[in-house]
Amino acid sequence: MARTRSMLTAAALVAVSVGGATALAAPASAATTASVTPQSVCGSNYKTVNSAPVGSRGTVYLTYNAYNGNNCVVTVRTTTGTAVDMSAYLYVPDTDQGDGDYGRYTSYAGPIYAYGKGHCVDWGGSIGNVSVYVTGSNCAALKEQRVTVTR
């Protein structure tokens, strides 16, 4: 299990760091307007439970659906424009389940889904050369760890 987590995390970091064409999941569709919200991408039953700025370029959102116990992660640009390298990832260490999306998008990357009810989650994303990683998130009283990297 720990090895799979390390491999998934490493794959996400390599894809984000190298900027290669590595795909961790099926590509997300790119919206053409700046009115993209986490709920418009993940679904109306998903409520934002956490977020992290990706520099001044946008925000990565962690959402949760209380009806089915799923989390969803989406990285949304502040303004749409020419397609740039973007990513979104989600990993649930307790269940060893996770997913990621990497590609060139005009407005958002994701959505990425994983069952997370009662579990801590690791999530993050990138826009261009700025990446954000949050580990140990949404674990009640435990403190999450955040890392922002600019390449």
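**Before starting**

The model is predicted, so local features here need pLDDT of at least 70 and side-chain atom pairs count only at pLDDT 80 or more, while totals for chains, interfaces and linings use all residues. Residues are numbered from 1 along each chain as its sequence is written, and side-chain values use heavy atoms, with hydrogens and water left out.

**Stop 1: the five-stranded sheet**

Select S5, S4, S7, S8 and S9. These five strands form an open sheet in that order, with antiparallel pairing. Two strands count as paired if DSSP finds at least two bridges between them. The edges are S5 and S9 (145-150), and each of them pairs on one side only. From one strand to the next the twist averages 5°. For such angles, axes are lines fitted to C-alpha atoms (for helices over the stretch in contact), and the angles run from 0 to 180 degrees between N-to-C directions.

Now keep S8 (residues 130-137) and S9 in view. Six bridges pair them in the antiparallel sense.

**Stop 2: the salt bridge**

Which residue forms a salt bridge with Asp85? Select Arg104: the closest N and O atoms of Asp85 and Arg104 are 3.1 Å apart. A salt bridge is a side-chain nitrogen of Lys or Arg within 4 Å of a carboxyl oxygen of Asp or Glu. The structure holds one salt bridge. Asp85 is in strand S4 (residues 84-92) and Arg104 is in strand S5 (residues 97-105), so the pair ties together parts that are 19 residues apart in sequence.

Arg104 counts as exposed, at 53% relative accessibility. The scale is relative accessible area: buried is under 20%, exposed is over 50%, and partly exposed is in between (1.4 Å probe, protein chains only).

**Stop 3: two residues with positive phi**

Select Asp96, in the loop between S4 and S5. Asp96 is not a glycine, yet its phi is positive, about 60°. Then go to Asn138, in the loop between S8 and S9. Asn138 also has a positive phi, near 55°, in a residue other than glycine. With a relative accessibility of 36%, Asn138 counts as partly exposed.

**Stop 4: the four-stranded sheet**

Select S1, S2, S3 and S6. Here four strands form an open sheet in the order S1-S2-S3-S6, again with antiparallel pairing. Strand S1 (47-54) and S6 stand at the edges with a single partner strand each, so one side of each has no neighbour in the sheet. The twist in this sheet averages 15° from one strand to the next.

S3 and S6 run antiparallel and are joined by six bridges. Asn70 stands opposite Tyr115 in S6. In S6 you will also find Pro111. The peptide bond from Gly110 to Pro111 is cis, with omega near 5°.

**Stop 5: Asn65**

Show what surrounds it: apart from neighbours within four places in sequence, Asn65 is in contact (heavy atoms within 4.5 Å) with Asn45, Tyr46 and Asn70. Next, select Asn68. Its backbone nitrogen lies 3.3 Å from a polar atom of the Asn65 side chain.

**Stop 6: the disulfides**

How many disulfides does the structure hold? It holds two, a disulfide being a pair of cysteine sulfur atoms within 2.5 Å.

Start with Cys42 and Cys72, whose S to S distance is 2.0 Å. Their link is left-handed, with -75° about the S-S bond.

Finish with Cys120 and Cys139, which form a disulfide with sulfur atoms 1.9 Å apart. Cys120 sits in the loop between strand S6 (108-115) and strand S7 (121-127), and Cys139 in the loop between S8 and S9, 19 residues apart. Cys120 is partly exposed at 23% relative accessible area, whereas Cys139 counts as buried at 13%. Counting bonded cysteines along the chain, the disulfides follow the pattern 1-2, 3-4.

Methods. A polar contact is a pair of N or O atoms within 3.5 Å; within protein, one must be able to donate a hydrogen and the other to accept it, and residues adjacent in sequence count only if both atoms are side-chain atoms.
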